[in-house]
Amino acid sequence: MAETRLPDKGVLASQDIAGLIDAGVIVGADRARLQPASLDLTLSPRAWRVRASFLPSRSRTVEARLTGGLAMQEMDISGGAVFERGCVYLVELNEKLSLPKEIEGAANPKSSTGRIDVFVRLVTDYGAAFDEIPAGYEGPLYAEISPRTFSILARAGSSLNQLRLKAGDCRLDDGALRRLNGEIPLVEGAADINGGLGLSVCLASKEECIGWRARRHSGLIDVDKVAALDPHDYFEPLAPPKSGFVILDPDEFYILASKEALAVPPDYAAEMTPISPGLGEFRVHYAGFFDPGFGWSPNSEGGGRNGSRGVLEVRSHDAPFVLEDGQLVARLVYERMAAQPEALYGEGIKSNYQGQGLKLSKHFR
C-alpha cells in the first residue's frame with residue numbers, strides 16, 4: 001500500500017479521495033466517479049433478493065446474515081436486472097475499503113436515485129447502522145435497494161449511492177454556521193439556524209407547476225439512461241393550491257422545492273437531514289449530500305452565491321398530512337472541507353442540478 005498524507009480534520013475532497021484510491025485504501029473504485037466531496041459507488045454483478053431489510057449487527061458479516069435464511073434468490077446482474085417496486089434487494093458493490101483509523105465514512109443515495117423514489121442504504125459487515133462506516137473499517141460494501149414507486153432496471157456498473165469520507169469532527173455548530181452566513185449569505189434573507197440551516201417548502205409560485213406527484217403503475221426506469229422519459233408518464237404536475245396548502249396522501253411520493261435558494265461555499269460541504277418527527281408525519285430526505293460549489297457562481301473575484309433551490313423528496317407516513325406554503329421541512333448541516341476540491345460542483349464536471357429550481361431526475365426530458 002502506497003503512503004498517502006491524511007488530513008487532520010474535514011470532509012475529504014476529490015483529490016484526497018483519489019490519493020486513497022492510489023494508496024489502495026479504496027479498492028475497485030473508478031476515478032471517473034469522483035465528485036467534489038464524494039465518490040459514486042457502483043454495483044457489482046452479485047446481488048440477492050432478500051426477505052426483508054436487515055443489519056448484520058456488530059457480531060456478524062453480511063454474508064453470514066444472507067446464508068442464515070434472509071436470501072431468497074441470488075442474482076447475476078451483469079447484463080441488467082429488474083428491481084421491482086415493493087421488494088428488497090442487496091447488491092455487493094465493486095468498492096472495498098481498508099480505512100485508516102482516522103477516517104470514517106457516510107453514504108447517501110445520489111440525487112437522481114432519490115428523485116425516482118428508490119430507497120438505497122449502505123450496509124457493512126458488523127454494521128449496526130445504515131449509511132455509517134466506522135473509522136478504520138476494513139471490508140466489503142453493500143447497497144440495500146428498495147424501489148418504492150417505480151420499478152427500475154440496473155446493471156453491474158450502475159451507480160445509485162455515494163460515499164463521503166471525513167477526518168475528525170468537522171460539523172459546524174449553530175454559532176459557526178451563523179458566522180459563516182454573516183460572511184457569505186447561504187440563503188437570501190433571514191436564515192433559520194437551529195440545529196442546521198432551515199429549509200421551507202414552496203407551494204406558492206407564478207409558475208403553473210409547484211411540484212409533482214408520482215403516478216403508480218408506470219413503466220420501467222433504466223437508471224443509466226439520461227433524458228429518455230416523458231415526465232408526464234410517471235408524474236402528475238401539481239398546480240399552486242388556492243388554499244395555500246396541499247394534503248399529502250399516505251404512501252404517495254411527491255417532488256417539491258424549497259423556498260430558499262441556497263449556496264454551499266467552496267470550503268464547505270452540506271447534508272440534508274430530516275426535521276424532528278414531532279413537527280409532522282412526513283419524511284423529507286432521500287438524497288442528502290450537497291457538494292462544495294452547489295449554488296455557487298465562479299467569477300474573477302473568487303466566486304459568490306447565485307443560489308440553487310433544494311429539491312425535496314417527500315412522503316407522508318400513516319395519515320394524510322397538511323403541508324403549508326413556507327412550512328419548515330428540512331435542515332442543512334454544513335461541514336468544513338479538509339481542502340477545497342480541485343473542481344467545484346458545476347465547474348468542469350458533469351453536474352445535473354446546478355442552478356436548479358423544481359427539477360425531476362436526470363432520467364426525464
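Me: Are phenylalanine 290 and phenylalanine 294 buried or exposed in this predicted model?
Reply: This is a predicted model. A residue counts as buried when its relative accessible area is under 20%. Phenylalanine 294 has a relative accessible area of 4%. Phenylalanine 290 and phenylalanine 294 are both buried.

Me: Which kind of pair do the rings of phenylalanine 290 and phenylalanine 294 form?
Reply: A pair of aromatic rings is described by the distance of the centres and the angle of the planes. Here the centres are 5.1 Å apart and the planes stand at 85 degrees. Planes over 60 degrees apart count as edge-to-face. The pair of phenylalanine 290 and phenylalanine 294 is therefore edge-to-face.

Me: Which kind of pair do phenylalanine 294 and tyrosine 345 form?
Reply: Their ring centres lie 5.7 Å apart, with the planes at 55 degrees. Planes under 30 degrees apart are stacked and those over 60 are edge-to-face, the rest being tilted. The pair of phenylalanine 294 and tyrosine 345 is therefore tilted.

Me: How many residues apart are phenylalanine 294 and tyrosine 345?
Reply: Phenylalanine 294 is in the loop between β23 (289–290) and β24 (296–297). Tyrosine 345 is in the segment after β28 (328–336). Their pair links distant parts of the chain, 51 residues apart.

Me: Is tyrosine 345 buried or exposed?
Reply: The relative accessible area of tyrosine 345 is 12%. Buried means under 20%, so tyrosine 345 is buried.

Me: Which arginine lies over the face of phenylalanine 289?
Reply: Arginine 121 lies over the face of phenylalanine 130, at 3.6 Å from the ring centre. Over the face of phenylalanine 289, at 4.2 Å from the ring centre, lies arginine 164.

Note on methods: Residues are numbered from 1 along each chain as its sequence is written. This is a predicted model: local features need pLDDT of at least 70, side-chain atom pairs count only at pLDDT 80 or more; totals for chains, interfaces and linings use all residues. Side-chain values use heavy atoms; hydrogens and water are left out. Rings of Phe, Tyr and Trp (its six-membered ring) pair if their centres lie within 6.5 Å; planes under 30 degrees apart count as stacked, over 60 as edge-to-face and the rest as tilted. Buried means under 20% relative accessible area, exposed over 50%, partly exposed in between (1.4 Å probe, protein chains only). Helices (H or I, at least four residues) and strands (E, at least two) are DSSP runs, numbered from the N terminus. A charge sits over a ring if NZ of Lys or CZ of Arg is within 6 Å of the ring centre and within 35 degrees of the ring normal.
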